[in-house]
Amino acid sequence: MYIERLKRNFEILDHKNFISHGGIYGYSELCEREVKQNTVEAISFSIENGIPFECDIRGTKDNIPVLSHDDEVTLSDGRKIKISKTKYADLVEIAGTEAPELLEAALQVNSGRVPCLIDAKEAKFFLYSHYRKNLANILNRYAAMGEIALQSFNPAFMLVMRRHLKGVLTLQLVCRAQTVLDVFKAPKRAANIYEKMVSFVCFIARTDAINMENHEDKRWKFSTRAFHSDEFYNAVEEILDTLTKGTDRIQYFLVKTVNELTKKPVLAFTIKDESEFDAIEGNLISNYIVDFSHLGAENYIDKIKSLKAK
């Protein structure tokens, strides 16, 4: 098994595994209203239908992990609240039912029924020992009950966290330069350096597996293939035929080194359109994070079930 450190197999590494992105959300005909992403309700929809889920977390001022993609919560009356600058009790007092819910609440609802993947945002939190220790305690307690994984874009955060975790699968999130530009608003030069050095980023993190997003760029598929140990040498032969620039040769060397030292599997892509599966060599990917919320909650569930049945 890839994960010798964990001493047990993980269902989340199996092929043909589909993970809901933030739970099953979108307009629900059953509820006759919109179900919001990264809520206990959306996660419950996923659990009740036997679908593994991914959720995003942020840390409050008093180091409590809550379900949220962004650090800022916008209330229905237009007020904005910074999660990282507000204690959880104050969040609840100010926002009421609109306050982000606790990560622990979602895990309690799941209770080991389906695998879950936790995406830690606000990467600077690797500096705060109270937050990382609190998060590790929550994840370790849950690991005794069910399958759970932690991922982040920040390799320093993952390097520190994996020292605290027991029985928790760890993943390093990586992406293309364009995502670094669009999402993280980084300078173009920094984004290009990131793309060339991404294999080194994964080596720093020393996680159990890799979650590689944004597969559309054909050149980026090189890294995808090279990280998968079973296909590595075929990928190298293919790339050597097309390499022309010195920077590409550096990337080749780094990926080769990391692959030989770590044998990390590529874990997941985020898929929002079924046609995107055509661009992926399915035998190289362990599973997929999918988001069909535009179809509505019930159709989202049906779509995942139909994909799983293929």
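Student: Which strands each supply at least two residues of the lining of the second largest pocket?

Tutor: Rolling a probe the size of a water molecule over the atoms shows where empty space is left. In this predicted model, local features need pLDDT of at least 70 and side-chain atom pairs 80 or more, while totals for chains, interfaces and linings use all residues. Residues are numbered from 1 along each chain, and side-chain values use heavy atoms, without hydrogens or water. Here the strands (DSSP E runs of at least two residues) are β3 (33-35) and β6 (72-74), and β6 gives the most, with 3 residues.

Student: What is the volume of the second largest pocket, and which residues are closest to its centre?

Tutor: The second largest pocket (an open set of points on a 1 Å grid, with protein on both sides within 12 Å along at least five of seven lines) has a volume of about 510 Å³. Of its 21 lining residues (those with an atom within 4 Å of a point), Lys36, Gln37, Asn38, Thr39 and Glu98 lie closest to the centre. The lining divides into 5 nonpolar, 8 polar and 8 charged residues.

Student: At what angle do helices α3 and α4 pack?

Tutor: Two packed helices are described by the angle between their axes and the distance between the axes. Helix α3 (residues 103-110) and helix α4 (residues 129-143) pack at about 0°, with axes 11 Å apart, and are therefore roughly parallel (an angle under 35 degrees). Leu103, Glu104, Leu107 and Asn110 of α3 make the contact with Leu135, Ile138, Leu139, Arg141 and Tyr142 of α4 (heavy atoms within 4.5 Å).

Note on methods: Axes fitted to C-alpha atoms, helices over the stretch in contact; angles between N-to-C directions. Helix = DSSP H or I, 4+ residues; strand = E, 2+ residues; numbered from the N terminus. Parallel < 35°, antiparallel > 145°, perpendicular 65-115°, else oblique. 1 Å grid on protein atoms, 1.4 Å probe; cavity = no way out; pocket = protein on both sides within 12 Å on 5 of 7 lines; lining within 4 Å. Points joined across faces, edges and corners; volume = space filled by probe spheres on them. Nonpolar A, V, L, I, M, F, W, Y, C, P; charged D, E, K, R; others polar.
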